[in-house]
Amino acid sequence: MVRIRHRQGRHFMDEEGRMFWINGPEAFCYLSEQRQWRSGLTFLEILEWKQCAPSGLVSQRFASLVQACEAFEHNQVIWSHDLYLRRMGDQMALHRSLDDYRPTAMKLAEAAGARVLPAPWAVAGQSQAQVVLCCEWPAPSRSQDLTHPKRRRRKRSGSPVLQTASFMEPVR
């Protein structure tokens, strides 16, 4: 039995420090594992500073939030890999891992006069190192690489065609 240690809205952390989100509408939701890349942050700091992103591991659908949590705690979740979600999570992680990263909501609040909050990973008295990482968002010419598996494609003749590649792999 795995216990949920922290829960904040639709986000929770288990006893081993793994993070999960409950995604989708309440009556048709699923779990997704989240990975984080900064150590030493509290659960609320991870959420507030958006220091997590989807790993690509997703569950089956559940009829309610309570059912999803109970299935998790009783090891009744069937996990599979969603490669599209994994690639999206990789891009989010790259973007959010910069030392000077600030979530959009925080930037807007600061621009409106709210107090500027120091990043919890910044050491007091030291200037933040300027880390240059490339965050490559898909260009229009590359958008086919990240097409969601449920999106329909149309041939030039106008007839609909579904993508044939399967992005869902069972976890072994």
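Ground rules. Residues are numbered from 1 along each chain as its sequence is written, and side-chain values use heavy atoms, without hydrogens or water. Because the model is predicted, local features need pLDDT of at least 70 and side-chain atom pairs pLDDT 80 or more, while totals for chains, interfaces and linings use all residues.

Entry one, aromatic pairs. I paired rings of Phe, Tyr and Trp (its six-membered ring) with centres within 6.5 Å, calling planes under 30 degrees apart stacked, over 60 edge-to-face and the rest tilted. I counted five aromatic pairs by this rule. Phe12 and Phe20 are stacked, because their ring centres are 5.5 Å apart and their planes at 25°. I looked up burial too (buried is under 20% relative accessible area, 1.4 Å probe, protein chains only). Phe12 is buried at 0%, and Phe20 is buried at 2%. Trp49 and Trp121 pair edge-to-face, at 5.3 Å between centres and 80° between planes. These two sit 72 residues apart in the chain, and both are buried. Ring pairs also join Phe12, Phe20, Phe72 and Trp79 into a cluster.

I found Glu33 buried but without a salt bridge (side-chain nitrogen of Lys or Arg within 4 Å of a carboxyl oxygen of Asp or Glu). Arg18, the nearest side chain of opposite charge, is 5.3 Å away (Lys and Arg count as positive, Asp and Glu as negative; His and chain ends are not counted).

Note on methods. Buried < 20%, exposed > 50% of the residue type's maximum accessible area, 1.4 Å probe, protein only. Helix = DSSP H or I, 4+ residues; strand = E, 2+ residues; numbered from the N terminus.
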